[in-house]
Amino acid sequence: MTKAKIAETEPYDLASYINNLKPGKVAGAAEVGINLSAVSAEKFWQLFYPTKSLYEQKLYQAGARLIAGVDEVGRGCLAGPLVVAAVILPLDFTCPANLDDSKKLTAKKRENLAAQIKKAAVAYHIETASVEEIATYNILEADKRAMIRALKALSPQPDAVIADYVDLSYKTKYKSEHPAKGDSLSYSVAAASILAKVYRDQLMTELAQQYPEYLWQKNKGYGTKEHYEALDQYGPTIWHRELFLRKWKEKKQPE
């Protein structure tokens, strides 16, 4: 679940990178007749990734070179672990046009993008918070703990972090940004979201083979009508989160 490459040591020069790009490498550049050699770094990001790179550029300008995006999947599920991914993308990463919050993408698009992200990444790591950890620490603290483990497992280590909403700055040494809806505002967080989502979906599909009554291959552990109906008939499994079943248990109690 971990991948690492030797980090580039040359100073960051986005303008130089852009100037060396061929127009066809950036979606839409050739079609609209844009000469990339005449486009400044700031203009490049405004044109092609207006809402996906603001936090990365802020940290790059502050001196960061290894920025890790981190995000979780499965916080609201009734069953299954929480999954966190952390990923460092290279300075010259060309953001795919459809890189976005994993929830907005089809399963096929997520899987294709996950393969691209893993191939391009400087480093990535996927971590889980078990049902037991969630019960012990609550979902938010379990999320933070898994995020920190994922970040510590990266090699090389990041010098800045962008997390989706969760503030990690007081618990870590990293420069940290934590925008709400970060997976829609940062391509690094979007990439982490996709890696976590693909991994967790595969895990829940595998668990569904052991517990077919709950249709986890379809609902991924979320509280769908069919999932609650299976709980009514078969009761909870070892993979269900006790705290998340309180309302269901209250409804089952005789008046």
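1. Among contacts in the protein (heavy atoms within 4.5 Å) between residues at least 6 apart in sequence, 65% join residues at least 24 apart. The model is a predicted one, in which local features need pLDDT of at least 70 and side-chain atom pairs count only at pLDDT 80 or more, while totals for chains, interfaces and linings use all residues. Residues are numbered from 1 along each chain as its sequence is written, and side-chain values use heavy atoms, with hydrogens and water left out.

2. The secondary structure comes to eleven helices and six strands. Both kinds of element are DSSP runs numbered from the N terminus: helices are H or I with at least four residues, strands are E with at least two. Of the 255 residues, 51% count as buried. Buried means under 20% relative accessible area, exposed means over 50%, and partly exposed is in between (1.4 Å probe, protein chains only).

3. How do helices H4 and H8 pack, and at what angle? H4 (residues 107–120) and H8 (residues 187–210) pack at about 120°, and their axes are 9 Å apart. H4 is therefore oblique to H8. Angles under 35 degrees count as roughly parallel, over 145 as roughly antiparallel, 65 to 115 as roughly perpendicular, and the rest as oblique. The axes are lines fitted to C-alpha atoms, for helices over the stretch in contact, and the angles run from 0 to 180 degrees between N-to-C directions. The crossing of H4 past H8 is left-handed, that is, the near helix is turned anticlockwise from the far one by less than a right angle.

4. On the H4 side, the residues that meet H8 are Arg 110, Glu 111, Leu 113, Ala 114, Ile 117 and Lys 118. Their partners in H8 are Ala 191, Ile 194, Leu 195, Lys 197, Val 198 and Asp 201. The residues of this contact divide into seven nonpolar, no polar and five charged. Here Ala, Val, Leu, Ile, Met, Phe, Trp, Tyr, Cys and Pro count as nonpolar, Asp, Glu, Lys and Arg as charged, and the others, Gly among them, as polar.

5. Glu 56 is found in helix H3 (residues 54–61). Is Glu 56 buried or exposed? Glu 56 has a relative accessible area of 0%, so it is buried. Not counting residues up to four places away in sequence, Glu 56 touches Ile 67, Ile 162, Ser 186, Tyr 187 and Ser 188. The side chain of Glu 56 reaches the backbone nitrogen of Tyr 187 at 3.4 Å.

6. Asp 101 lies in the loop between strand S3 (82–88) and H4. Its relative accessibility is 5%, so Asp 101 counts as buried. Leaving aside neighbours within four places in sequence, Asp 101 is in contact with Asp 183, Ser 184, Ala 190 and Ser 193.

7. Asn 138 sits in the loop between helix H5 (131–137) and helix H6 (139–152). Asn 138 has a positive phi of about 80° although it is not a glycine. With a relative accessible area of 37%, Asn 138 is partly exposed. Its side chain reaches the backbone nitrogen of Leu 140 at 3.0 Å, and a polar atom of that side chain lies 2.9 Å from the backbone nitrogen of Glu 141.

8. Lys 220 also has a positive phi, of about 60°, although it is not a glycine. Lys 220 is placed in the loop between helix H9 (216–219) and helix H10 (225–234), and is buried at 14% relative accessible area.

9. A cis peptide bond joins Ser 155 and Pro 156, with omega about 5°. Pro 156 is in the loop between H6 and strand S5 (160–163).

Key. A polar contact is a pair of N or O atoms within 3.5 Å; within protein, one must be able to donate a hydrogen and the other to accept it, and residues adjacent in sequence count only if both atoms are side-chain atoms.
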